[in-house]
Amino acid sequence: MAGDQVTLLDFWSSPFGMRVRIALAEKGVKYEYSEQDLWNKGALYLQMNPVHKKIPVLVHDGKPICESLIIVQYIDEVWKDKAPLLPSDPYERAQSRFWADFVDKKVNYFGKKICTTKGEDQEAAKKDFIDSLKLLEGELGDKPCFGGETLGYVDVALLPFYCWFYAYETIGNFNIEADCPKLIAYCKRCLEKESVSKSLKDPQKVYDFVVMMRKKLGLE
């Protein structure tokens, strides 16, 4: 929509922010990117998300939208003339929301546990993480994307975590591709899309960031 003022309050390594970046790129929406300091939260940041005080926040014509999956749905509804992300069929749309929620409750949760634990807790998190990815792999089946032939809502929810996989693997000392080869092939295939490749960050830099955070937590 011409004349829109769109700003994304974000943090470079956030997989949740990457979701929004992919969605905006898919829709061809021009926006201003505003990097936030998570340790010294600025006035605009707190003003735009006073409830959860988290990134990302999409500010559209002065109005803030919070929580990454809600933001992606908003983007899909507002800029609906290009690259639909959610299916038009109500059942399929509900299934997409289910699997996107699954990514948050399982992939994100167990990935975070791998990064913030050691010993038996980390081993348990690794098993649960791989089990979750295997379920996603089964849902993907032989489709090019979760959205079918084109990138969809579940793809946008999941793909940002691909650039975190190296950190999970290195810290947890395991190999995701050995257990989930189809899912890794899917991620590599999607990375050929400019909207994805330009939105995701360098896995080595993400790993370095996670190591820094582990040191802060006294885990290194």
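Figure 1. The UniProt annotation "domain: GST C-terminal", from an unreviewed entry, covers residues 89-209. Such annotations may be inferred rather than shown by experiment, and their positions follow the numbering used here. The span is 73% helix and 0% strand. Its end C-alpha atoms lie 40 Å apart. Helices (H or I, at least four residues) and strands (E, at least two) are DSSP runs, numbered from the N terminus. The model is predicted: local features need pLDDT of at least 70, side-chain atom pairs count only at pLDDT 80 or more, and totals for chains, interfaces and linings use all residues. Residues are numbered from 1 along each chain as its sequence is written, and side-chain values use heavy atoms, with hydrogens and water left out.

Figure 2. The domain assignment gives domain 1 (6-78) and domain 2 (90-217); the bounds come from an automatic or database assignment. Their centres, taken over C-alpha atoms, are 21 Å apart. Domain 1 puts 15 residues into the contact, and domain 2 puts in 26. Contact here means heavy atoms within 4.5 Å. Together the domains bury about 1,800 Å². Carbon and sulfur atoms account for 70% of that area. Buried area is the accessible area (1.4 Å probe) that two parts lose on being put together, summed over both. Trp12, Arg19 and Ile22 supply 31% of what domain 1 buries against domain 2, more than any other three residues.

Figure 3. Two salt bridges cross the interface of domain 1 and domain 2. A salt bridge puts a side-chain nitrogen of Lys or Arg within 4 Å of a carboxyl oxygen of Asp or Glu. The side chains of Lys193 and Glu26 meet in a salt bridge, at 3.6 Å from N to O. On the domain 1 side that touches domain 2, helix H1 (15-27) and helix H3 (68-78) each supply at least two residues. H1 gives the largest share, eight residues.

Figure 4. Ile55 and Pro56 are joined by a cis peptide bond, with omega about 0°. Pro56 sits in the loop between helix H2 (43-48) and strand E3 (57-60). Most residues other than glycine have a negative phi, and most peptide bonds are trans.

**Figure 5. Positive phi at Asp61.** Asp61 is not a glycine, yet its phi is positive, about 50°. The loop between E3 and strand E4 (63-66) holds Asp61.
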